[in-house]
Amino acid sequence: MNYNLLIKFALFRGMSEQEAKDVLVCLQAEKKSFSKGETIYHMGDAIHAMGMVLAGGVNIENDDIWGNKNILDNIGPGQVFGETYACLPGEPLMVNVVAAEECQVLFLEVSRLLATCSNSCGAHQRLVQNLLWVTAQKNLALSRKIFHTTPKSIRGRLLSYLSAQAVSAGSNQFIVPFNRQQMADYLCVDRSAMSNELSKMKQEGLLDFHKSQFSIKEKASFTELY
């Protein structure tokens with residue numbers, strides 16, 4: 001385990017390498033590797049451990065009975081998933097957690113996190129505080145998705161999402177965490193129709209792109225968002 005890297009992640013912020021090592025022992029941490037497309041957690045599972053991505057990335061997906069897929073979020077290195085369900089024993093998952101690429105995940109027993117540490121260690125308390133901060137950030141991410149999928153037009157959804165990605169990157173050149181199908185699923189639109197709209201926006205000089213790399217060429221109008 002690379003503890004120097006671990007303490008740079010939000011969940012272990014403020015800890016020393018030794019404190020992080022002790023906390024992992026306390027939480028019965030287990031590291032596992034997954035191949036691209038492999039399901040980590042299935043819809044309907046009742047889980048007791050939350051996962052933290054160490055390398056690669058995972059998608060949080062929802063599939064309806066007709067097979068339509070909706071990507072709710074992409075979880076990258078240092079981010080966690082499943083913490084809400086792990087805090088509610090017996091509550092079945094409403095989503096699938098799928099490896100978006102080859103990845104490594106660290107699983108942490110939430111029941112041991114919520115229980116008072118026998119040593120009353122400061123690191124344990126910091127971990128709880130950090131988890132609360134991480135959960136608040138994830139709530140914001142869900143709010144952003146709702147905002148991106150509110151516009152009725154595909155262009156409106158693309159403008160909202162790509163603008164937010166540019167702001168997050170602090171540059172008009174950025175890389176999105178999705179391929180085309182995943183981005184269409186995330187924005188709840190048809191892939192072909194979305195690709196058509198992207199081509200039109202490129203022809204109009206609003207943006208340029210190559211695979212997951214985007215460059216906003218000029219300030220886009222948001223009049224179609226509402």
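1. A disulfide here is a pair of cysteine sulfur atoms within 2.5 Å. By that test the structure holds zero disulfides. Two cysteines deserve a look. C103 is buried, at a relative accessible area of 2%; buried means under 20% relative accessible area, exposed over 50%, and partly exposed in between, with a 1.4 Å probe and protein chains only. C188 is partly exposed, at 41% relative accessibility.

2. On the basis of the note: this is a predicted model, in which local features need pLDDT of at least 70, side-chain atom pairs count only at pLDDT 80 or more, and totals for chains, interfaces and linings use all residues. Residues are numbered from 1 along each chain as its sequence is written, and side-chain values use heavy atoms, with hydrogens and water left out.

3. Overall layout. The protein has eight helices and 11 strands. Helices (H or I, at least four residues) and strands (E, at least two) are DSSP runs, numbered from the N terminus. The C-alpha trace spans about 65 × 40 × 30 Å along its principal axes. Of the 226 residues, 43% are buried. Among contacts with a separation of 6 or more, 70% join residues 24 or more positions apart; a contact means heavy atoms within 4.5 Å.

4. Strand β3, residues 49-55, is mostly covered. Six of its seven residues are buried. Which strands does β3 pair with? One is β8 (residues 103-109), antiparallel to β3 and joined to it by six bridges. Pairing requires that DSSP finds at least two bridges between the strands. M50 stands opposite L108 of β8. The other partner is β6 (residues 80-81), also antiparallel, over two bridges. There, M52 has V80 as its bridge partner.

5. D190 caps the N-terminal end, with a side-chain oxygen 3.1 Å from the backbone nitrogen of S192. A polar contact is a pair of N or O atoms within 3.5 Å; within protein, one must be able to donate a hydrogen and the other to accept it, and residues adjacent in sequence count only if both atoms are side-chain atoms. After α8 comes G205, with a positive phi near 80°.

6. Backbone points to inspect. Most residues other than glycine have a negative phi. Q28 is not a glycine, yet its phi is positive, about 50°. Q28 lies in the loop between α2 (17-26) and β1 (30-34). Its relative accessibility is 47%, so Q28 counts as partly exposed. C188 also has a positive phi, near 60°, and is a residue other than glycine. C188 is in the loop between α7 and α8.
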